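This note sets out points for a colleague who wishes to examine the model residue by residue. Please read it with the coordinates open.

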Amino acid sequence: MYDLTRRHFVKLTGGLAAAGLASSFVANPARAAEGKKRVVVVGGGYGGVIAAKYLRKVDPNIVVTLIEKEKLYYSCPLSNPIIVGLRDLKVQRWGYDNLAKHGINFIQDEVLEIDVAKRTVSTAKNASFSYDKLVVAPGVEFKWDAIEGYSEKVSEKIPHGWKAGPQTLLLQEQLSAMKDGDPYIIVAPPNPYRCPPGPYERAGLVAWYLKKNKPRSKVIILDPKDKFAKQGLFINGWKELGFNIEWVSGNDGGKVTRVDANNMSVHTEMQEYKSSAINLIPPQKAGKIAQISGLADKTGWCPVNQKTFESTIHKDVYVIGDACTVTGEIPKSGFAANSEAKIAAAAIHASFNGQGEPDPSYVNTCYSLLSPDYGISVAAVWAYRNNAITKVSGGVSPEKASAVFRKQEAMYAESWYQSIMAEMFS
Amino acid sequence: MRKRMLVLAAVVVGGLWGGAAVAGPTSGMLSNTCDGCHGPGGVSPGPYMPSIAGMPYNFLKQMMTEFMKDERPSTIMSRIAKGYSDGEIDEIAKHFAGLKWGVNNGASVKGKSVDPDKAEKGKSLARECEKCHEDGGKKQDEDTPRMAGQWLDYLQLKLGEYKNDEKYPQPKKMKTQIDKLSVEDLEAVAHYFAGQK
Ligand SMILES: Cc1cc2nc3c(=O)[nH]c(=O)nc-3n(C[C@H](O)[C@H](O)[C@H](O)COP(=O)(O)OP(=O)(O)OC[C@H]3O[C@@H](n4cnc5c(N)ncnc54)[C@H](O)[C@@H]3O)c2cc1C
């Protein structure tokens, strides 16, 4: 495995290696800081950025280097409204410039390898960074081979839209181009996956759009699962709002086994579904770097100490966000990643100072929109008790609520987004 | 003043994850998750989300306790507040009371802006309010929240609730004053307080 990736990485960087090496040596702040503790963070999303910021906040002496492969970050939360024309991709796009203000060394590069024995990571631009502790927050990777006929290439024709950006715009184009009367097909993924209510938020918003623009069309959700997050609220809401949505559960034959991109169709064991507008959200696992560095187990996700988020496979490596396995039914959400990052930062700080593991407090709040004026939420608080993550309180929005209440939740969704983005990028 | 200084000092000494008197998560650990919605350091960039940094300790504690006991209507706060013990709520209130009030900035979607005419009208209407919310809403004592520079959208939303919802918990004096004002008056009052920095 080591050799393979090594060779791969040499091939990738090729002739640029020499130039890259020279500049990387100078640009490697982790090396310059003699005697100081160095933490490298891989991935600048909901988890990684907050971990980097909190490490600096708790101890400005820690040398924090954040390595992110993209120049800009596109937020998935609130990206579904873009598909139906309620939002512009611009307000989902964030830059990393302000991190320097917080004393974080931001490096735009892709980590290709983690060497846990040497405590170094190496990157596509052929730089290498040493660490005392490493935080890995790469988000998810798709299991491209899980459904026959699907691939990364096919996703340009049958998009997933599960990482915000060009895929989101592709979904938008296809929705507006589809014929009135055709179905809009959403293929939901099996558990566990990023953002459990996400496919159903999308279904509602698309149905809201269809109701206005293509009233003869309906949304069909093909699902391998028999239940989903906030199910009662979604189904009641869809009914209340007069949406035309058909949900085909796993038991009813909703599991898609094959895709035919030429024919624009998806196949379950029982039936073929055809449309010019198909959104297929593939099964998922922890981001690639977690897989190739051996941080993931056979589930595809990274097992961690539930109190600190330190990997149970590699010491001094902390995995947070979508990539890790969390118990207590904490979902794979941006808010959860944010909360986990703060816990991991506290644990790293304590470990550097020879203190015991701090007592964590975990929180998640997730809003979903059914229409621009109709929001629902799930919120919970967890504590670490009797060696396990234990839910202390929480739940979903009430089944029966006024229109004002639903509208307020939609308004709070937007304000939540502003706050959590400011926490990351201001 | 003296008391406030002491609270501040305690927070500084305790540091980000320090300060807890009891076993369990520290006050910083408990409070930093609040920032995910209420903004960095409790200063909110989202127009419907109130800033809570520097609010009076008693006020914060009372709000959280009322949410916890379902005595104050909310969307998600009652679900969240139930996740904490009385002692933990105390820590959270202390934490935010010890922070500095800040004016929100950096939001990519701005809230409604203050209309100077409405604010002017609100100024005279707010005379009664200022018996408690003194100094343009800047003064805060133990139970009175700061109003000056809070988000306009949030103030409008809440004043509307105070006016329209009979069951909304509020001091008697507050209810009397609110009842005297029309919806338009309250709108103007919100513009006035939001415009005070
Ligand atoms: C449609 C949709 C709606 C959603 N709505 C909500 C919501 O309302 N609320 C909510 O809380 N959550 C929501 N989520 C979930 C949320 O997006 C994720 O849970 C969150 O992004 C997870 O954060 P993370 O840090 O683990 O991963 P990410 O945010 O994906 O960040 C990972 C980062 O790591 C980088 N990276 C990966 N590998 C490398 C490498 N080798 N080297 C360098 N960089 C690397 C990536 O480029 C990326 O920037 C939604 C998701 C979707 C798809």
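The points below take up the ligand site, the contact between the chains, salt bridges within the model, and backbone geometry.

1. The structure is a predicted model. Local features are reported where pLDDT is at least 70, and side-chain atom pairs count only at pLDDT 80 or more.

2. Residues around the ligand. The shell around the ligand holds 36 residues, and those that come nearest are G47(A), E68(A), Y73(A), R194(A) and D322(A). Divided by class, this shell has 17 nonpolar, 10 polar and 9 charged residues.

3. Which side chains place an N or O atom 2.6 Å from an oxygen atom of the ligand? E68(A) is one of them, with a side-chain N or O atom at 2.6 Å from a ligand oxygen. R194(A) is another, again with a side-chain N or O atom at 2.6 Å from an oxygen atom of the ligand. The backbone also takes part: a polar backbone atom of Y46(A) is 3.3 Å from a ligand oxygen.

4. Two or more residues of the shell come from each of strand 2 (63–68), helix 10 (334–352) and strand 22 (361–371) of chain A. Helix 10 of chain A gives the most, with 3 residues.

5. Extent of the interface. On the chain A side 41 residues are in contact with 34 residues of chain B. About 3,200 Å² is buried between the two chains, and carbon and sulfur atoms give 66% of this area. Y412(A), Q418(A) and S419(A) supply 17% of the area that chain A buries against chain B, more than any other three residues.

6. How many salt bridges does the rule find between chain A and chain B? The count is 1 salt bridge. A salt bridge joins the side chains of R79(B) and E409(A), with an N to O distance of 3.5 Å.

7. Two or more residues each are given by helix 4 (48–58), helix 10, strand 22, strand 23 (374–385), strand 24 (388–396) and helix 11 (403–425) of chain A. Helix 11 of chain A supplies the largest share, 13 residues. By class, the chain A residues that touch chain B are 22 nonpolar, 13 polar and 6 charged.

8. Salt bridges over the whole model. Over all chains the rule counts 24 salt bridges. In one of them the side chains of D316(A) and R119(A) meet, at 2.9 Å from N to O. D316(A) lies in the loop between strand 19 (302–303) and strand 20 (317–319) of chain A, and R119(A) in the loop between strand 6 (111–115) and strand 7 (120–123), so the pair ties together parts that are 197 residues apart in sequence.

9. Backbone geometry to inspect. The peptide bond from N191(A) to P192(A) is cis, with omega near -15°. P192(A) belongs to the loop between strand 11 (184–187) and helix 7 (198–213) of chain A. K230(A) is not a glycine, yet has a positive phi of about 55°. K230(A) is placed in the loop between strand 12 (219–222) and helix 8 (231–240) of chain A.

Conventions:
Residues are numbered from 1 along each chain as its sequence is written. Chains are lettered from A and ligands numbered from 1 in the order in which they are written. Side-chain values use heavy atoms; hydrogens and water are left out. A residue is near a molecule or strand if one of its heavy atoms lies within 4 Å of it. A polar contact is a pair of N or O atoms within 3.5 Å; within protein, one must be able to donate a hydrogen and the other to accept it, and residues adjacent in sequence count only if both atoms are side-chain atoms. Helices (H or I, at least four residues) and strands (E, at least two) are DSSP runs, numbered from the N terminus. Ala, Val, Leu, Ile, Met, Phe, Trp, Tyr, Cys and Pro count as nonpolar, Asp, Glu, Lys and Arg as charged, and the others, Gly among them, as polar. Contact means heavy atoms within 4.5 Å. Buried area is the accessible area (1.4 Å probe) that two parts lose on being put together, summed over both. A salt bridge is a side-chain nitrogen of Lys or Arg within 4 Å of a carboxyl oxygen of Asp or Glu.
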